[in-house]
Amino acid sequence: MSQQQIGIARAHANIALIKYWGKRNDELFLPLTSSLSLTLDAFYTDTKITFSENFTESSFFLDGQKMPPQEVQKLQRFVNLFEPLVGQLPHFQVESYNHVPTAAGLASSSSAFSALACAIHDALNLDLDSQTLSTYARQGSGSATRSLFGGFVEWEKGQDDDGPSSFARPIDDACHWDIAMLVVVVNEQEKHLSSREGMAHTRDTSPFYHLWPEEVAKDLAIIKEAIAEKDFQKLGEVAEHNAMKMHATMLSANPSFTYFEPATMNAMNAVRQLRDEGFLAYITMDAGPNVKIICKNSQVETIHERLLQEYSPEQLIIARPGPAPRKLSEEEFHDQ
Ligand code: DP6
């Protein structure tokens with residue numbers, strides 16, 4: 001390897017419409033079900049990796065802050081995944097910037113590991129296709145698998161303990177879809193229980209968990225039909241139902257837990273009220289208290305106006321379908 005190798009990439013976060021909630025192999029990040037997401041334009045991570053024989057240790061800077069050794073360790077583990085392709089790698093420096101609109105508390109591992117995978121790919125001059133690269137991103141964080149493509153993306157669960165069979169594939173770039181996501185930030189604090197811990201605990205203790213894979217299989221078939229037919233209502237209804245079923249498995253875990261907060265319930269009621277008034281607006285939620293409203297792009301401004309009666313502008317973020325990752329130049333990267 002030459003003295004210094006640099007790669008820079010931008011990857012967008014995705015929000016699952018049909019959720020991933022449980023692994024069959026924790027080591028390889030192999031999921032128990034397939035899942036399907038929408039990549040978003042408003043949330044992304046820019047990452048630069050530099051490999052150099054001159055570094056005496058590896059380091060990681062997030063939004064300009066030096067991160068502690070255990071965070072560097074996580075990245076080291078991820079970087080090591082590429083060694084079978086190129087041989088032993090020298091120490092690295094990773095610099096990442098999370099672009100998440102003010103105080104959203106939505107920093108996402110999906111864009112983080114997707115951007116890192118792409119930056120490493122660029123630095124090492126590899127020639128992997130996006131599908132293969134998604135199997136690497138997966139081993140940083142499951143949801144990162146789906147951020148290797150724009151628009152609607154499916155993450156296939158794959159077979160048995162076969163890592164390469166569990167990858168992402170694009171379903172529809174969503175360019176011709178009248179769709180947006182309005183995030184209602186009800187609490188910007190860090191979540192107290194990570195999705196990784198929450199899904200393992202649910203899988204291991206909920207007596208209802210065995211129903212989850214069956215429900216996901218049904219919901220995936222429905223949402224793929226909805227995408228093919230451009231049927232917004234069908235897509236919204238199945239996405240909301242899937243998210244609620246995921247959260248229901250948590251209530252039935254032992255001990256039980258939930259990401260819902262009182263303010264979450266209020267936001268959910270606001271969405272139901274909008275629906276009663278004829279808006280096509282549906283709820284999805286992840287491992288935190290914030291509510292994401294799936295709505296039509298042509299109605300999102302009106303819905304935003306309405307919600308401003310109850311929420312501050314900082315609490316409401318509009319996102320639209322986002323693109324696949326791309327390479328960044330040094331200038332673009334430093335222009336943060
Ligand atoms: C609720 O991808 O964060 O957002 O694979 O353990 O890193 P790890 O978990 P992560 O889990 C995401 C869970 C979810 C649903 C989803 O994105 O599909």
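Buried means under 20% relative accessible area, exposed means over 50%, and partly exposed lies in between, with a 1.4 Å probe and protein chains only. This is a predicted model, where local features need pLDDT of at least 70, side-chain atom pairs count only at pLDDT 80 or more, and totals for chains, interfaces and linings use all residues. Residues are numbered from 1 along each chain as its sequence is written, and side-chain values use heavy atoms, with hydrogens and water left out.

**Stop 1: the cysteines**

Select Cys118. At 12% relative accessibility, Cys118 counts as buried. How many disulfides does a search of the whole structure find? The search finds zero, where a disulfide is a pair of cysteine sulfur atoms within 2.5 Å. Cys118 is in no disulfide, and the nearest cysteine sulfur, in Cys175, is 18 Å away.

Now select Cys295. Cys295 is buried, with a relative accessible area of 0%. Its closest cysteine sulfur, in Cys175, is 18 Å away, so the two are too far apart for a bond.

**Stop 2: the second largest pocket**

The pocket has a volume of about 170 Å³.

The terms come from a 1 Å grid over the protein atoms alone: a pocket is an open set of points with protein on both sides within 12 Å along at least five of seven lines, and lining residues have an atom within 4 Å of a point. Grid points are joined across faces, edges and corners, and the volume is the space filled by probe spheres set on the points.

Next, color α3 (109-123), α4 (130-137) and β14 (326-327). Each supplies at least two residues of the lining. Helices (H or I, at least four residues) and strands (E, at least two) are DSSP runs, numbered from the N terminus. Which element gives the most to the lining? It is α3, with three residues.

Color the lining by class.

**Stop 3**

Select residues 35-52, strand β4. Of its 18 residues, 17 are buried. Two strands pair if DSSP finds at least two bridges between them.

Show these partners of β4 one at a time:

- β1 (residues 4-18) runs antiparallel to β4, joined by 13 bridges. Ile8 stands opposite Lys48 in β4.
- β7 (residues 92-99) is also antiparallel to β4, with eight bridges. Thr47 has Ser96 in β7 as its bridge partner.
- β8 (residues 152-155) is joined to β4 by four bridges, again antiparallel. Ser37 has Val153 in β8 as its bridge partner.

**Stop 4: a four-strand open sheet**

Show β11, β12, β10 and β13. They form an open sheet in that order, with antiparallel pairing. The edge strands are β11 (281-284) and β13 (316-319), and each pairs on one side only. Neighbouring strands are turned by 25° against each other on average, direction ignored. That angle is taken between axes, which are lines fitted to C-alpha atoms; angles run from 0 to 180 degrees between N-to-C directions.

Zoom in on β10 (residues 180-184). It pairs with β13 in the antiparallel sense over four bridges. Leu182 has Ile318 in β13 as its bridge partner.

**Stop 5**

Most residues other than glycine have a negative phi, and most peptide bonds are trans.

Select Asn125, in the loop between α3 and α4. Asn125 has a positive phi of about 55°, although it is not a glycine. At 64% relative accessibility, Asn125 counts as exposed.

Move to Asp160, in the loop between β8 and β9 (168-172). Asp160 is not a glycine either, yet has a positive phi of about 45°. Asp160 is exposed, with a relative accessible area of 63%.

Finish at Pro255, in the loop between α7 (232-251) and α8 (262-276). The peptide bond from Asn254 to Pro255 is cis, with omega near -5°.

Key. 1 Å grid on protein atoms, 1.4 Å probe; cavity = no way out; pocket = protein on both sides within 12 Å on 5 of 7 lines; lining within 4 Å.
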